[in-house]
Amino acid sequence: MIDAIVLSSGFIVLVSCFVIGAIGAVLLRKHDALANIWSSFLAIVGSLCGILFSFLALGFSQVTSFTLGSFISPLVSISFTIDKLSVFFIFVISLVALFCSLYGIGYVKHFYKKYSIGALGFFYNLFIVGMLLVVTASNGLFFLIAWEIMSVASYFLVIYDRNDQKNVKAGFLYLVMTHIGTAFIILAFLLLYKFTGSFDFNSIRLGSALIPAYIKDIVFVLAMIGFGTKAGIIPLHIWLPVAHPAAPSHVSGLMSGVMIKTGVYMMIRIFVDILQPVPVWWGLVILVVGSVSALLGVLYALAERDIKQLLAYSSIENIGIILLGVGSSLAFLSLGMPTFALIGLVAALFHTLNHAVFKSVLFLSAGSVINQTHTGNMEEHGGLIRHMPQTAFFFLMGSMAISALPPFNGFFSEWLIFQTLFKGMMEINFSAKWIFMASAGALAFTGGLALACFIKAFGSIFLARPRGSKARQAKESSYSLRMGMGGLAAGALLLGIFSANVMSILDRVVRDLSVFQLTPSFISVSPSQSLSSENISLVSAPVLFVSFIVTFIGILLATKYGVYKNQKVHLGTTWDCGTDLTPGMEITPTGLTRSIVTVFKGVLKPSIQHEIEYHDAESRYLPKSRTVILTLDDMYQVYLYIPLRNFITALSERAKEIQSGNINVYIMYIFIALLSSLFLLR
């Protein structure tokens with residue numbers, strides 16, 4: 001009883017911090033600096049409360065449910081359930097929000113006197129409130145309200161820089177896609193209500209045996225489309241590469257690091273927790289979707305020149321990797337292998353946390369670069385490591401983490417997902433093993449391409465010489481921006497070093513779900529922070545970290561006192577047949593990945609545009625300048641969404657013909673509709 005009071009009171013205090021921050025930002029909207037300080041300070045306080053609340057709640061053994069009342073209808077109750085899965089997502093939201101809010105204090109200053117800082121603070125805090133309500137709501141209709149709060153608040157953040165029409169168009173596309181997804185979610189909840197008589201998640205769980213198998217299958221498809229749209233799985237991802245770059249950078253970090261994971265949260269909640277038992281093909285479908293999203297996401301990221309769009313496509317890739325863990329867990333559960341299912345879900349949650357951390361630091365670092373150079377085009381960057389050394393260091397740490405290089409966190413979660421897929425290949429004796437094998441191959445291929453992608457990103461932004469005038473004038477970002485980036489970068493390293501402890505905590509989080517409560521723990525942690533397990537092969541994070549440090553120091557000592565000790569370095573001008581070397585002759589992002597784009601031209605559909613400027617019509621053989629632009633056609637827009645839009649438009653044009661303006665015809669329509677309704681209700 002005391003635990004329930006503490007948790008319910010703590011959660012209300014946590015949400016209240018962000019609500020007060022939102023209201024105060026509106027009241028102070030005429031004072032940019034005060035609105036910024038107020039909204040950021042309350043967001044930081046709320047985030048710290050969320051982290052403290054999460055550690056406190058993980059120590060409690062019981063699930064806490066409480067209701068604050070009903071409104072509109074008894075079916076809509078403001079009810080919450082705080083179990084360990086919810087607490088984990090509260091922690092992820094709070095952790096990322098803490099450092100994004102620190103970053104935002106300095107970042108939003110360039111919006112002063114240009115846009116309303118009060119409006120930004122209001123929607124920013126409301127956005128975090130929406131995410132917190134989504135991962136704790138236990139009533140389907142109240143969940144939809146929280147989902148809408150999160151979606152609408154994020155829409156206004158996407159279009160915040162509304163002077164750029166690209167941002168407005170990106171926001172409109174995001175709004176359309178998110179509400180299409182919401183429509184499918186509503187249909188799924190209505191089907192569940194029809195067969196269980198309740199929108200309460202616990203009641204649906206208890207009555208899931210009453211739901212026919214074919215209805216469960218329909219709910220699965222509807223939920224995959226609805227929540228997959230928010231998560232950004234391919235081919236429902238088209239909003240993500242344009243909406244995330246449009247938002248302010250600290251909002252981009254929250255959207256990519258946390259918001260898209262709410263879709264993953266609901267997949268786990270419905271498929272793993274509520275609707276059990278489920279057929280094995282559900283898990284196999286998720287494995288296929290995850291493999292395709294991971295591979296195509298990283299391919300599109302490789303081909304991008306805009307740093308924030310590259311990071312957005314990389315988010316699609318990592319959502320695919322997370323779904324590999326979720327899909328394998330679901331398949332193992334259906335096959336009666338709960339221990340392996342436990343490993344798969346732990347791996348998925350671990351990568352969820354890891355991606356939230358390293359993707360956020362990458363978005364914040366990209367925002368720092370864009371803030372100084374006023375462009376996200378990597379073709380105009382270069383040499384920034386001399387002007388922004390700390391930002392370069394944080395971006396490098398994030399790049400190593402997302403490329404799954406030890407001892408950073410991304411390595412350990414991807415290694416655990418590999419182990420899960422290998423178990424499927426070895427333990428399953430029918431055709432499904434081939435899907436596990438293909439998924440493992442896709443994950444390995446994705447890892448290699450991701451490394452190439454971030455070599456390109458770091459090299460083209462920070463190394464060589466500046467290719468743009470703004471890059472030559474760049475300066476290191478302010479203290480608050482560096483605090484936000486540095487905190488998350490340190491988190492990426494610490495989560496790797498202490499991966500044993502993190503996995504042990506996530507093991508308890510997963511075993512708190514009803515389907516895993518009788519499943520024994522698959523790992524144990526020794527006092528030396530080492531993991532042991534009978535079911536999977538493990539690596540020691542501390543040993544890897546020490547090896548990394550020793551190797552690094554060894555290379556430095558060998559360079560200074562070893563082979564190169566007496567070698568003299570001569571600096572001189574490179575001769576190039578009398579031509580002056582310029583930064584434009586460097587290997588650019590486009591040139592670096594052009595060979596890969598050519599290999600996958602069947603998927604990426606590259607096209608080359610030539611722009612030639614002549615002195616005059618008579619000198620067409622002596623052009624003044626030549627420009628070659630490599631562009632990619634979005635195959636999903638060309639082959640799916642544009643034809644679908646054209647079909648709906650044509651159908652709407654035909655439907656207008658029934659509006660004749662004749663009252664007698666309209667009465668006939670009503671009469672036919674009444675007869676049809678009576679026939680259906682007969």
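Predicted model: local features only at pLDDT ≥ 70, side-chain atom pairs only at ≥ 80, totals over all residues.
The charged end of Lys 194 sits 5.9 Å from the centre of the ring of Phe 195, over that ring; this label needs NZ of Lys or CZ of Arg within 6 Å of the ring centre and within 35 degrees of the ring normal. Residues are numbered from 1 along each chain as its sequence is written, and side-chain values use heavy atoms, with hydrogens and water left out.

**Charges and rings**

- Lys 230 lies over the face of Trp 147, 5.4 Å from the ring centre.
- The whole structure holds 37 aromatic pairs, meaning rings of Phe, Tyr and Trp (its six-membered ring) with centres within 6.5 Å; planes under 30 degrees apart count as stacked, over 60 as edge-to-face and the rest as tilted.
- Phe 143 and Phe 189 make an edge-to-face pair, because their ring centres are 5.8 Å apart and their planes stand at 90°.
- Phe 143 belongs to helix H5 (residues 140-158) and Phe 189 to helix H6, so this pair ties together parts 46 residues apart in sequence.
- Phe 143 is buried at 0% relative accessible area, and Phe 189 is buried at 3%; buried means under 20% (1.4 Å probe, protein chains only).
- Phe 332 and Phe 436 form a tilted pair, 5.4 Å centre to centre with 40° between the planes.
- Ring pairs also join Tyr 103, Tyr 107, Phe 111, Tyr 115 and Tyr 160 into a cluster.

**The largest pocket**

- The largest pocket holds about 960 Å³ of space; on a 1 Å grid over the protein atoms alone, a pocket is an open set of points with protein on both sides within 12 Å along at least five of seven lines, and lining residues have an atom within 4 Å of a point.
- Its lining has 28 residues, and the closest to the centre are Asp 164, Asn 167, Pro 245, Ala 246 and Asp 306.
- H6 gives the largest share of this lining, five residues.

**Cavities**

- There are five cavities of 30 Å³ or more, a cavity being a set of points where a 1.4 Å probe fits but cannot get out.
- The largest cavity holds about 80 Å³, and its lining includes Asn 36, Tyr 124 and His 250.
- Helix H4 (117-134) is one of the elements that give two or more residues to the lining of the largest cavity, and H4 gives the most, with four.

Terms used:
Points joined across faces, edges and corners; volume = space filled by probe spheres on them. Buried < 20%, exposed > 50% of the residue type's maximum accessible area, 1.4 Å probe, protein only.
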